[in-house]
Amino acid sequence: MKLWGGRFTKEENQLVHNFNESLSFDHRFYRQDIEGSIAHVTMLARQGIVTLEDKDAIIAGLRGILADVESGKLEFTAEHEDIHSFVEANLIQRIGEAGKRLHTGRSRNDQVALDMKLYCRDEIDELDKLVKGLLGELLKIMKENLDTYMPGFTHLQKAQPITLAHHMGAYFEMFSRDRGRLKDIRKRMNTCPLGSGALAGTTYPLDRDCTTGLLGFDTPTLNSMDSVADRDYVIELLSALSTIAMHLSRFSEEIILWNSNEYQFVELDDSYSTGSSIMPQKKNPDIAELVRGKTGRVYGALVAILTTMKGLPLAYNKDMQEDKELTFDAIDTVKGCLALFTGMLSTITFKKDVMETSAKKGFTNATDAADYLVGHGVPFRDAHGIVGQLVLLCLDKGIGLDELSLEEFRQASPAFEKDIYDAISMETCVKRRITLGAPGQEAMRQVILAYEKLLD
């Protein structure tokens with residue numbers, strides 16, 4: 001018999017049961033469901049709604065169920081509709097009449113809202129650890145590559161010289177914002193819905209502040225209808241996960257490009273690469289490609305829950321059961337991507353000489369050559385044109401600006417002197433960029449110090 005079976009005269013159709021059940025996926029909630037039930041019955045006993053003896057029996061029974069589930073002794077079986085009925089039915093079977101008092105003053109509506117919040121809160125903490133781990137790896141690369149010169153790009157065209165430390169710093173900023181979003185979501189969602197009942201509270205003298213404190217929430221929710229109908233925190237979490245996935249995808253795209261024969265900026269470790277079944281020379285960046293591909297899967301979860309929620313009247317509707325599988329899958333996907341990407345990044349070999357040569361051959365020092373002329377009295381617009389002509393000359397000869405002779409420089413403009421070679425060296429071009437946030441070493445050291453404090 002179902003927990004709600006008293007109203008019904010017919011058994012539920014098996015197809016209906018299969019379509020309606022959620023235990024096949026919400027069994028993930030077993031720990032959160034038991035944690036919430038222990039807090040609930042503790043409060044009931046404090047309020048004199050159940051006896052201390054019943055409370056002790058219920059808590060002992062719940063802890064026994066938890067231990068048996070985690071040891072594998074107790075398995076989730078198909079006759080139960082959801083994790084709530086699974087726990088309650090097993091409790092009643094173990095301790096008898098006392099178990100039937102657990103659900104006093106509670107609905108599955110506020111129960112599932114609580115479980116979902118507890119689960120999301122726990123997963124946010126795990127996600128934060130993984131993002132922090134990635135940030136730590138980025139910071140390590142930054143510290144080791146303050147003078148690793150490479151081209152910076154706009155429009156995927158070589159633009160100006162930067163360092164690998166500076167490039168990694170851009171991703172540090174992205175993932176730092178991701179941590180901030182997770183923190184904001186956790187703070188905003190940390191209100192306790194338990195005690196809201198089905199939608200209109202309860203006539204029992206519940207102490208909602210008690211359960212709020214026992215479960216580590218900041219405050220109880222203030223509207224019982226919104227408490228059971230709210231999934232904003234799920235949408236926010238899926239949005240944050242989508243942004244993390246997008247950042248990982250952008251980074252993966254660059255790793256894939258850098259790993260290509262045309263770039264050869266990096267060498268991927270064998271443990272994070274695969275080969276071809278037919279082409280023996282291949283070493284494919286499959287992990288980066290899968291991370292990039294799984295981004296669409298995470299986006300799909302966000303769009304799906306937004307679509308599910310868009311037409312729901314207050315308060316709870318069964319449609320909201322659709323939030324779970326989507327959220328579980330998106331969390332698992334992003335956690336897996338973060339772990340694998342961090343491992344891949346930690347084993348990458350950066351080919352520093354190839355990066356620097358690419359910066360030189362890409363005329364990334366052209367702006368500095370123009371600035372040199374401006375410093376010698378040439379108007380910037382004229383300087384821009386002069387250096388443009390020098391670039392054309394270099395393209396014809398297949399060389400970089402620093403390989404031109406002084407005579408060739410002076411034919412373009414008599415303002416050029418011997419010190420032009422120092423002025424357009426990669427080291428000088430980067431070193432002179434001293435504004436906060438720029439790739440110059442002194443500016444980067446300030447940023448690294450700030451990042452260290454942030455992670456600490």
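This is a predicted model: local features need pLDDT of at least 70, side-chain atom pairs count only at pLDDT 80 or more; totals for chains, interfaces and linings use all residues.

Trainee: At what angle do helix H3 and helix H5 pack?
Mentor: Helices (H or I, at least four residues) and strands (E, at least two) are DSSP runs, numbered from the N terminus. Axes are lines fitted to C-alpha atoms, for helices over the stretch in contact, and angles run from 0 to 180 degrees between N-to-C directions. H3 covers residues 30-46 and H5 residues 83-95. Their axes are 10 Å apart, and the angle is about 60°.

Trainee: Which word describes how H3 and H5 lie to each other?
Mentor: Under 35 degrees counts as roughly parallel, over 145 as roughly antiparallel, 65 to 115 as roughly perpendicular and the rest as oblique. The angle here is about 60°. H3 and H5 are therefore oblique.

Trainee: Which residues make the contact of H3 with H5?
Mentor: Contact means heavy atoms within 4.5 Å. H3 brings Tyr30, Asp33 and Ile34. From H5 come Ile83, His84 and Val87.

Trainee: How many residues of each class are in the contact of H3 with H5?
Mentor: Ala, Val, Leu, Ile, Met, Phe, Trp, Tyr, Cys and Pro count as nonpolar, Asp, Glu, Lys and Arg as charged, and the others, Gly among them, as polar. By class, the contact has four nonpolar, one polar and one charged residues.

Trainee: Gln111 lies in helix H6. Is Gln111 buried or exposed?
Mentor: Buried means under 20% relative accessible area, exposed over 50%, partly exposed in between (1.4 Å probe, protein chains only). Beyond its neighbours within four places in sequence, Gln111 is in contact with Asp33, Ser37, His84, His103 and Arg106. Its relative accessibility is 4%, so Gln111 counts as buried.

Trainee: How many aromatic pairs does a search of the whole structure find?
Mentor: Rings of Phe, Tyr and Trp (its six-membered ring) pair if their centres lie within 6.5 Å. Planes under 30 degrees apart count as stacked, over 60 as edge-to-face and the rest as tilted. The search finds 14.

Trainee: What kind of aromatic pair do Phe29 and Tyr119 form?
Mentor: Phe29 lies in the loop between helix H2 (23-26) and H3, and Tyr119 in helix H6 (residues 108-144), so the pair ties together parts that are 90 residues apart in sequence. Both Phe29 and Tyr119 are buried. The centres are 5.6 Å apart, with 70° between the planes, and the pair is edge-to-face.

Trainee: Why is the pair of Trp258 and Phe265 tilted?
Mentor: Trp258 is buried at 3% relative accessibility, and Phe265 is buried at 1%. Ring pairs link Phe153, Trp258, Tyr263 and Phe265 into a cluster. The centres of Trp258 and Phe265 are 6.0 Å apart; their planes stand at 50°, so the pair is tilted.

Trainee: How far is Asp178 from Thr243 in space?
Mentor: Asp178 sits in helix H7 (residues 164-189) and is buried, with a relative accessible area of 0%. Asp178 and Thr243 are 65 residues apart in sequence, yet C-alpha to C-alpha the distance is 7.3 Å.

Trainee: Which residues does a cis peptide bond join?
Mentor: Ala315 is in the loop between H11 and H12. Ala315 is also among the contacts of Met320, a residue buried at 1% relative accessible area. Omega is about 5° for the bond that joins Leu314 and Ala315.

Trainee: Is His155 buried or exposed?
Mentor: His155 is in the loop between strand E1 (149-154) and strand E2 (157-163). Its phi is positive, about 55°, although it is not a glycine. With a relative accessible area of 76%, His155 is exposed.

Trainee: Is Phe363 buried or exposed?
Mentor: Phe363 is in the loop between helix H13 (352-361) and helix H14 (366-375). Its phi is positive too, near 60°. At a relative accessible area of 12%, Phe363 is buried.

Key. Residues are numbered from 1 along each chain as its sequence is written. Side-chain values use heavy atoms; hydrogens and water are left out.
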